[in-house]
Amino acid sequence: MRKFNVAVVGATGAVGEEFYELFEEHDFPIAKLVPLASSRSVGKTIECCGEEIKVKELTCEVFEEEEIDIAFFSAGGSVSAKFAQCAVDAGAVVIDNTSHFRMDRDVPLVVPEVNPKDIALWRERGIIANPNCSTIQMVQALKPLDDLYGIKRVDVCTYQATSGAGKKGMEELVQQMQDFFAFRLDESEHEAFAHQIALNVIPQVDVPQSNGFTKEEMKMVNETQKILHKEMEVAATCVRVPVLRSHSESITVTFEEGVDIDLNQVKEAFESFENLVVVDDLENSVYPMPVTATGTDQTYVGRIRKDLYRNNILHFWNVADQVRVGAATNALRIAQKWIELEGDI
Ligand code: A2P
């Protein structure tokens, strides 16, 4: 089997670091691994597949020098804007975890369980975009429902972990909790979030838009429509909560008029969908939660119930590890699919 030279851009970040464990767990066919970060990280090492590997500085030339075949970008939109084209010009396929290219018409936006065939569009620009973390776990649950009954509208409230803001987000929560127990929370700094996140919830993720929604909320609208190839109505309220690294979502789906939801059918559709796991036993207080989803590669659904008033409305709860399912694991699955479909060119 062919092996690939792989670059991880953002090699010292929360998502970047998750890749090394995943490469080992999935036996990813790596010939050479090249971790790339800013000049601040030169001299650091990362550990992967039993080896210590030195972090190199990200430059435009490094992709050609290292003969990179696959480049995973997780260092922020401005870094992708500046360097993704360098990787493409050097002959690599870029799998980009930022929002920078997601809505470009000639860049596929892929969740491999949902729209794997869209990967073929990678030839246009050499780039495949990894969707927003909240969108990935939601569309994994929406796809089987849409296939079953046809979705008309989705209303979602998110409960997003601090990992969505990278290492600095998680560190800010931990620091503020320590400050709370030292009776100095009122002196605690906040940088990653607009307000104190410890013992709080913040009804704002990302920057405001002119329509009253936030950028994160509009990502959920636009990306869902692009991935599902359907202009369904979507309304999102994105909320940051003091959780370390798994996002939760309360989702209400309205199906086409005349649909009479059968909960057994819904559960079967969820259960037979790849990487989706039903955890639903309210009587025994069993449902998905961040503490049980963290560190896993599955998306969990529970609290599945029909609306009290309308036969075509379904409510459920959805949880996944933001760093894995919402970022690194989805990127790795894209790469695996790309290798399967296109990797021998
Ligand atoms: P560095 O540690 O050298 O700053 P997180 O999402 O956890 O905040 O991590 C961001 C990742 O992106 C880190 O690996 C960081 O490297 C990297 N990064 C940020 N800015 C740049 C840049 N201008 N050039 C290269 N890497 C960058």
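User: Why is the packing of helix α1 (residues 14-25) against helix α10 (residues 324-342) called oblique?

Analyst: In this predicted model, the two helices pack at an angle of about 50°, with their axes 9 Å apart. Angles under 35 degrees count as roughly parallel, over 145 as roughly antiparallel, 65 to 115 as roughly perpendicular and the rest as oblique, so α1 is oblique to α10. The axes are lines fitted to C-alpha atoms over the stretch in contact, with angles from 0 to 180 degrees between N-to-C directions, and the helices are DSSP runs (H or I, at least four residues). Local features need pLDDT of at least 70, side-chain atom pairs count only at 80 or more, and totals for chains, interfaces and linings use all residues. Residues are numbered from 1 along each chain as its sequence is written, and side-chain values use heavy atoms, without hydrogens and water.

User: What makes α5 and α7 oblique to each other?

Analyst: The axes of α5 (residues 133-149) and α7 (residues 215-228) come within 9 Å and cross at roughly 40°, and α5 and α7 are therefore oblique to each other. Their contact (heavy atoms within 4.5 Å) includes M138 and L142 of α5 and M220 and I227 of α7.
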